[in-house]
Amino acid sequence: MKRRNFIKNTSLSTAGIISASLLSSCENEDKKTTAKQEEKETIKPIAVCTWNFENANSKAWEVLANDGNALDAVEQGAMAEEANIKNTTVGIGATPDRDGNVTLDACIMDKDSNCGAVVYLQNIVHPIAVARKVMEETPHIILAGKGAEQFAYEQGFKKTNLLTEKARKRWLEWKKTSKYETIINIENHDTIGMLAMDKHGDIAGACTTSGMGYKVGGRVGDSPIIGAGLYVDNEVGGATATGVGEEVIRTVGSFLIVELMRQGKSPQEACEEGVKRIMAKNKGRKDFQIGFLALNKKGETGGYCVHPGFTYRKATNVGHTNEQVDSFYKKKV
């Protein structure tokens, strides 16, 4: 073969190999794109919360069902219970501290890790909405006490007496025998933590509470602390806590749950591991309750909550329709 023909034939042969290689690569990329599209199409919005706050789940689902985002869903869901005068653990009508003051804590976190919180807020029905304003309208993450209250007024929130007559009477009865002791009572600190994922697969979370019933004035628990009462990492998932806040703060609980999911644990496995670590540090203690709720990027949920004599587990099938489900159910152990 002449040199010129050899070079020509070799070039054509090489070109054929390159073309085949590129074609194979394109086909693989098409398959990857199709797989991603199929995965995206399977994303179904979901909203879950701690305890049996059906109004909160209904409101959050209403937002998601109308193509709303996860951040709006958790805010609106939490606000539904803050305005519920029958709920003695959040917002208006909540149990006061031992001096008769209703003080509220809340935080919120979005898909981009933006977050905002208020602690020891008084006279405002919706601390979760104020927390969102802190996130969006200030360079800060947490505002406290009178500063948080003044900020709320500047943002258009109205001053409201949060101590209802019914709550005041309960407080007065408590004072007769309390000796102003702080008593950890599981019925008096059922925080509402909410997690939601929208149709885009983005996750957000919210947490709001009036804290431990008849607490020492000035006490703040885990609920408004990012990483303790709530944490969201949109690459992995989100988690929120309920129960005795001091124990959650000690372990940076919600952050721990998300990190355990990052390591490959399911939401259920992560929640159980988080609770077990706290229980291991409180052997023999019988006066507290602790629990976590988690949601990952696949839309899988998990929850685990314990206190002496009982174990609470999240309902295993919450579905993707109207999430009017109790996030935990009670099982005697």
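Where is the place of Asn234? Asn234 sits in the loop between strand S7 (230–233) and strand S8 (237–243). Asn234 has a relative accessibility of 15%, so it counts as buried, the limit being under 20%. Its side chain makes a polar contact with the side chain of Asp202, at 3.0 Å. The side chain of Asn234 also reaches a backbone atom, the nitrogen of Ile203, at 2.8 Å. Neighbours within four places in sequence aside, Asn234 is in contact with Lys111, Gly201, Asp202, Ile203 and Lys297.

Now step back to the whole protein. It holds nine helices and twelve strands. Of its 333 residues, 52% are buried. Among contacts with a separation of 6 or more, 64% join residues 24 or more positions apart.

Confidence comes next. The average pLDDT is 83, and 77% of the residues score at least 70. Over residues 311–333, however, the pLDDT is below 50. That stretch still has 75 contacts in the model beyond near neighbours in sequence. Residues 1–27 also stay under 50 in pLDDT. For residues 1–27 the model has two contacts beyond four places in sequence. Where pLDDT is low, the predicted coordinates should not be read in detail.

What lies inside? The largest nonpolar core has 38 residues. Ile108 and Val130 are the residues with the most contacts inside it. In soluble globular proteins, nonpolar side chains tend to be buried together.

The strands can be followed in pairs. Begin with S2 (residues 104–109) and S3, which pair in the antiparallel sense over five bridges. Leu104 has Leu121 in S3 as its bridge partner. S2 and S3 form a hairpin, with five residues between the two strands. In the turn, Ser113 has a positive phi of about 70°. S3 has another partner in strand S4 (residues 142–144). There the pairing is parallel, over three bridges. Val119 stands opposite Ala144 in S4. Why is strand S3 (residues 115–121) described as largely enclosed by the rest of the structure? Because six of its seven residues are buried.

Strand S9 (residues 290–296) and S10 pair in the antiparallel sense over six bridges. Ala294 stands opposite Gly302 in S10. Four residues lie between the strands of this hairpin. Gly299, in the turn, has a positive phi of about 85°. Strand S10 (residues 301–307) is mostly covered, with seven of its seven residues buried. Which residues point each way from S10? Thr301, Gly303, Cys305 and His307 point one way. Gly302, Tyr304 and Val306 point the other way. Residues on both sides of S10 are buried.

Turn to a helix. Val248 lies in helix H7 (residues 245–251). Val248 counts as buried because its relative accessibility is 0%. Residues up to four places away in sequence aside, Val248 touches Asp222, Ala228, Gly229, Ala241, Gly253, Ile290 and Phe292. One of these, Gly229, is 19 residues from Val248 along the chain. The C-alpha atoms of Val248 and Gly229 are separated by 7.0 Å.

How many disulfides does a search of the whole structure find? The search finds zero. Cys49 has 0% relative accessibility, so Cys49 counts as buried. Cys207 is also buried, with a relative accessible area of 0%. Cys207 is in no disulfide. Its nearest cysteine sulfur is that of Cys107, at 5.4 Å. A disulfide would need the two sulfur atoms within 2.5 Å.

Methods. Residues are numbered from 1 along each chain as its sequence is written. This is a predicted model: local features need pLDDT of at least 70, side-chain atom pairs count only at pLDDT 80 or more; totals for chains, interfaces and linings use all residues. Side-chain values use heavy atoms; hydrogens and water are left out. A nonpolar core is a set of buried Ala, Val, Leu, Ile, Met, Phe, Trp, Tyr and Cys residues joined through side-chain atoms within 4.5 Å. Buried means under 20% relative accessible area, exposed over 50%, partly exposed in between (1.4 Å probe, protein chains only). pLDDT is the predictor's confidence in each residue, from 0 to 100. Contact means heavy atoms within 4.5 Å. Two strands pair if DSSP finds at least two bridges between them. A polar contact is a pair of N or O atoms within 3.5 Å; within protein, one must be able to donate a hydrogen and the other to accept it, and residues adjacent in sequence count only if both atoms are side-chain atoms.
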